[in-house]
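Plain running text is enough.

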Amino acid sequence: MATWVLSECGLRPLPRLYSNPRTRISSSAFPNSIRIAPSSSKIFRPNSSVSRDRRWALKVSAPVGVQFVEEDEKINVGESDFNPGAPPPFTLADIRAAIPKHCWVKNPWKSMSYVLRDVVVVFGLAAAAAYFNNMVVWPLYWVAQGTMFWALFVLGHDCGHGSFSNNAKLNSVVGHLLHSSILVPYHGWRISHRTHHQNHGHVENDESWHPLSEKIYRSLDTATRMLRFTLPFPMLAYPFYLWGRSPGKKGSHFHPESDLFLPNEKKDVITSTVCWTAMAALLVGLSFVIGPLQVLKLYGIPYLGFVMWLDLVTYLHHHGHEDKLPWYRGKEWSYLRGGLTTLDRDYGWINNIHHDIGTHVIHHLFPQIPHYNLIEATEAAKPVLGKYYREPKKSSPIPFHLLGVVANSMKKDHYVSDEGDVVYYQTDPKL
């Protein structure tokens, strides 16, 4: 049952208004309406601000027929009546066209300079901690080194997306060195992360932090529910996810026969598993040389810090906004609509350290853009995105406020309905 505790999450639906039903109208009047009623065939009229230009109809999945929901089932989306679950009045091509061409250029020398910077800092921190070796320095080291392990992961993450360079061999070599050093199976992760990007915002098909359906949630025992939504347990999920994936999904990131992988990807998975095993063996060997306690202090505790950073950041990029954001199924899901449910976050001084991974919306839509161009690309895309872009709250130098965001989300975002093509998180009042 531990995997239930450490894997997925769920958001209650927005409040509903109105009471009298409206009449049926011709589907020709609104060719791009969307389905929101979770347990019926009722359909919500599109936002009046949404363009009816047919040129983007092929870019967005939407049902052909149209029928208004009863007025008491209309979602309250604020004074402006902006509906975040409505198809946007722009296309992926519109966003791409707004981003300057130089933002797409990958500079391998620049990418390698970030690797060199981070590696020097990692070894420098370890040397300083071992030299001073006192209980004043060690806690500071653990926090700093855990953050730097996370920074190494982000650079390996760029290798996995191909945004590190245009050279696939360079990406693979650097990705393996970086990810193996922090006990991440590079190709196994790369492939599952690709699945996450290709299905972002989809209730069932997403691979990372997708919500629990109500049926699965109700099947959990009380203790498992409490642990699943009680910090810090959800922030320690990543190693368990690598070994066993998420509830309802089979396979492992280490096993070449896993459902995650295609037949032609088995060799890649074996290579990454061997590299991971070599790193684990190196740590065991070091424990005989310098002692297990020293390995724990130099590597083990920072590794836990890295895991908590990874789970915190990946959770915050898909959860915790003050306005409820939709999750999709069936014909209502599209790559664009799913990507627009992701969130940017400001991490204060940490932004530069972890390579601006907080600029997440544009990264999710266009993962080929190098991390050092994401801020400029985001600024250029904002006029196109309009209200579909949610400006992140400005952070203090250390982003302590985000701990409150996570805690609040864990209290409210428990599961989504088993039915409906556009659904929102719901809260279990008994939890």
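A nonpolar core is a set of buried Ala, Val, Leu, Ile, Met, Phe, Trp, Tyr and Cys residues joined through side-chain atoms within 4.5 Å. Buried means under 20% relative accessible area, exposed means over 50%, and partly exposed lies in between (1.4 Å probe, protein chains only). The model is predicted: local features need pLDDT of at least 70, side-chain atom pairs count only at pLDDT 80 or more, and totals for chains, interfaces and linings use all residues. Residues are numbered from 1 along each chain as its sequence is written, and side-chain values use heavy atoms, with hydrogens and water left out.

The largest nonpolar core holds 53 residues, and Trp-150, Phe-153, Tyr-238, Tyr-299 and Phe-306 have the most contacts inside it. At least two residues of this core come from each of H3, H4, H5, H6, H9, helix H10 (266–290), helix H11 (292–316) and helix H16 (401–412). Helices (H or I, at least four residues) and strands (E, at least two) are DSSP runs, numbered from the N terminus. The helix that gives the most to this core is H11, with eleven residues. A second, separate core has 20 residues, among them Phe-82, Ile-95, Ile-362 and Leu-385.

Not counting residues up to four places away in sequence, Tyr-238 touches Phe-153, Val-184, Trp-189, Val-307, Leu-310 and Asp-311. Contact here means heavy atoms within 4.5 Å.

Met-235 is found in the loop between H8 and H9, and with a relative accessible area of 5% Met-235 is buried. Leaving aside neighbours within four places in sequence, Met-235 is in contact with Trp-209, Val-307, Met-308, Asp-311, Leu-312, Tyr-315, Val-406 and Met-410. The C-alpha atoms of Met-235 and Val-313 are separated by 9.7 Å, although these residues are 78 residues apart along the chain.

One of the contacts of Met-235 is Tyr-315, which is placed in helix H11. Tyr-315 is buried, with a relative accessible area of 0%. Its C-alpha atom is separated by 9.4 Å from that of His-210, 105 residues apart along the chain. By contrast, Val-143, in helix H4, counts as exposed at 59% relative accessibility. Between the C-alpha atoms of Val-143 and Ile-301, 158 residues apart along the chain, the separation is 8.9 Å.

The next topic is a helix pair. The axes of helix H4 (residues 137–161) and helix H6 (residues 186–198) come within 10 Å and cross at roughly 70°. Axes are lines fitted to C-alpha atoms, for helices over the stretch in contact, and angles run from 0 to 180 degrees between N-to-C directions. Angles under 35 degrees count as roughly parallel, over 145 as roughly antiparallel, 65 to 115 as roughly perpendicular and the rest as oblique. H4 and H6 are therefore roughly perpendicular to each other. On the H4 side the contact is made by Phe-153, Gly-156, His-157, Cys-159, Gly-160 and His-161, and on the H6 side by Tyr-186, Trp-189, Arg-190, His-193 and His-197. Of the residues in the contact of H4 with H6, four are nonpolar, six polar and one charged. In this division Ala, Val, Leu, Ile, Met, Phe, Trp, Tyr, Cys and Pro count as nonpolar, Asp, Glu, Lys and Arg as charged, and the others, Gly among them, as polar.

An unreviewed UniProt entry places the feature "transmembrane region" at residues 114–132, 269–290 and 296–316. Over residues 269–290 the model is 100% helix and 0% strand, with the end C-alpha atoms 32 Å apart. Residues 296–316 are also 100% helix and 0% strand, and there the end C-alpha atoms are 28 Å apart. UniProt positions are given in the numbering used here, feature names are shortened, and annotations may be inferred rather than shown by experiment.

Some backbone details remain. Most residues other than glycine have a negative phi, and most peptide bonds are trans. Asn-133, in the loop between helix H3 (108–132) and H4, has a positive phi near 45° and is partly exposed, with a relative accessible area of 41%. Leu-183, in the loop between helix H5 (168–181) and H6, has a positive phi near 60° but is buried at 14%. A cis peptide bond joins Leu-231 and Pro-232, with omega about 10°. Pro-232 is placed in the loop between helix H8 (222–228) and helix H9 (238–244).
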